[in-house]
Amino acid sequence: MFVSEDLSVNSKNHLVIGENDTVELAKEFGTPLYVLDEDLLRKNCRVYRNAIDKYYGGNGLVLYANKAFCTLYTCRVAAEEGLGADVVSGGELYTAIKAGFPMDRIYFHGNNKTAQELEMAVENGVGHIVVDNVYELEMLNEIAAKHGVVQNIMFRIKPGVDAHTHSFIRTGQIDSKFGVALENGEAFEIYERAHKMTNVNPDGLHCHIGSQIFDVEPFCQAAEILMNFAGDLKDKLGLEITKLNLGGGYGIMYTEKDDPVPYDEYIKHVSEVVKRTAEKRGINIPFILMEPGRSIIAPAGITLYTVGGIKDIKNVRKYVSVDGGMGDNPRYILYESEYAAVIANKAGDPADELVTVAGKCCESGDLLLKDAMLQKAEAGDILAVLATGAYNYSMASNYNRIPRPAVVAVSGGKAKVVVKRETYEDIIKNDVL
Ligand code: LLP
């Protein structure tokens, strides 16, 4: 009935997440409110871990992509579930350090890491740095030399694969700001250069072809291209690639229209390509890494809002306004993304009203749902937008000086605040004059 498996309706006709009545959660913690189902989050981590065991005999590591949702709490859950971490900024790295995340399981990404960020990574013993370009490579080699270490690295490769997804989140093609391309020789040159350096150890390949992808085929193509490139590096440079990081990007179900392939399937197909190509090229099967973000955490999250004013503009549109919006979920205004929603206090009623749900920001594009079917909304109702676990909290802003919502994690009928709601004092805390 719902896009996420952990949602149900109780005898009060209220939406339930992880054995918690969402109407009660809204009452206790206020709205807007991010709610994360910890059990589902952990379960999703295990789906990937089990697939690594099943298809690669455990010779791999799942990295949780922190950009999807990064807090001390999410870092701790990922660490407890035996995952590694993809971090993409000093801030995400700092969070992981503070959470006590094992540093050797961290992969540091980013297309323009600063000297300070690289310094911080080397100093803290980050396992791998995914280097983006020559400028960064030179800088990192110097920093590692200064610290007297040899830093493990891999480069981000653009395999030239076109993943069919929104153009803003498509990254495998040559015209992308991320990484080095294969087809113009850039990728080969950078490995050749790194191979000669004293303080970096280029032992892996990385690619990430995009996000919210529903086909298995582009992942298989990327894996084949990278494995062949590993073969070339061995043949031409005598350089052995022992790690293959295939990025994230597995699509999820936001609305009934989405039809994701089970993640196990993706991994199965990709593993066949990896094994076949390894054999063909006479190379060892590398240690496999993957970096799912959205598919681990998006389905585990919902956002609760309180319905305010409703405007029924005859023959035009019915707007239902809520007490949040693009500040806590900027994905409609960025990508016109679609979500499913439920009136949490009428969750079992038929969704027979066509409405557009608007946020409270001073911006016409501040919508959460456009032309969606919903139960009959009235002021004071609690609206739950589903599958908001990824790229909502992490992309939230204080636009219009609206404080960010709290994050509550639920499990077995219990709820705990893992991130406090911001206050107006928080909003002005860095204003000095
Ligand atoms: N690895 C790398 C190197 C990435 O760049 C990304 C996402 C991931 C892993 C995780 O991808 P996922 O499994 O979550 O699809 N803000 C956009 C998504 C941007 C994704 C950026 N990179 C959105 O809200 O849809």
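Mentor: Let's go through the domains, the pockets, a cavity and one threonine.

Mentor: This is a predicted model, where local features need pLDDT of at least 70 and side-chain atom pairs count only at pLDDT 80 or more, while totals for chains, interfaces and linings use all residues. Residues are numbered from 1 along each chain as its sequence is written, and side-chain values use heavy atoms, with hydrogens and water left out.

Trainee: What are the domains into which the protein chain is divided?

Mentor: There's domain 1 (7–37 + 299–428) and domain 2 (109–292), with bounds from an automatic or database domain assignment. Their C-alpha centres lie 36 Å apart. Seven residues from domain 1 and eight from domain 2 make the contact, meaning heavy atoms within 4.5 Å.

Trainee: Why does the largest pocket lie between the domains?

Mentor: Both domain 1 and domain 2 give residues to its lining, so the largest pocket lies between them. A pocket here is an open set of points on a 1 Å grid over the protein atoms alone, with protein on both sides within 12 Å along at least five of seven lines; lining residues have an atom within 4 Å of a point. The largest pocket has a volume of about 760 Å³, volume being the space filled by probe spheres set on the points, which are joined across faces, edges and corners. Its lining counts 32 residues, with Lys-67, Val-88, Phe-178, His-208 and Tyr-391 nearest the centre. Helix H10 (294–297) and helix H11 (331–335) are the elements giving two or more residues to that lining; helices (H or I, at least four residues) and strands (E, at least two) are DSSP runs, numbered from the N terminus.

Trainee: And how do the lining residues of the second largest pocket divide by class?

Mentor: They come to 15 nonpolar, three polar and seven charged. Ala, Val, Leu, Ile, Met, Phe, Trp, Tyr, Cys and Pro count as nonpolar, Asp, Glu, Lys and Arg as charged, and the others, Gly among them, as polar.

Trainee: What lines the largest cavity, and what makes a space a cavity?

Mentor: A cavity is a set of points where a 1.4 Å probe fits but cannot get out. The count comes to three cavities of 30 Å³ or more, and the largest holds about 60 Å³. Its lining is Tyr-56, Phe-219, Leu-246, Tyr-250, Tyr-266, Ile-267, Val-270, Ile-288 and Met-290. By class that's nine nonpolar, no polar and no charged residues. Helix H9 (263–281) supplies the largest share, three residues.

Trainee: Why does Thr-22 count as buried?

Mentor: Thr-22 has 0% relative accessibility, so it counts as buried. The cut-offs are under 20% relative accessible area for buried, over 50% for exposed, and partly exposed in between (1.4 Å probe, protein chains only). Thr-22 is found in helix H1 (residues 22–29). Leaving aside neighbours within four places in sequence, Thr-22 is in contact with Leu-15, Ile-17, Ile-302, Leu-304 and Ala-344.

Trainee: What does the side chain of Thr-22 reach?

Mentor: The Thr-22 side chain reaches the backbone oxygen of Leu-15 at 2.7 Å. As for Asn-345, it sits 323 residues from Thr-22 in sequence and 8.1 Å away in space, C-alpha to C-alpha.

Methods: A polar contact is a pair of N or O atoms within 3.5 Å; within protein, one must be able to donate a hydrogen and the other to accept it, and residues adjacent in sequence count only if both atoms are side-chain atoms.
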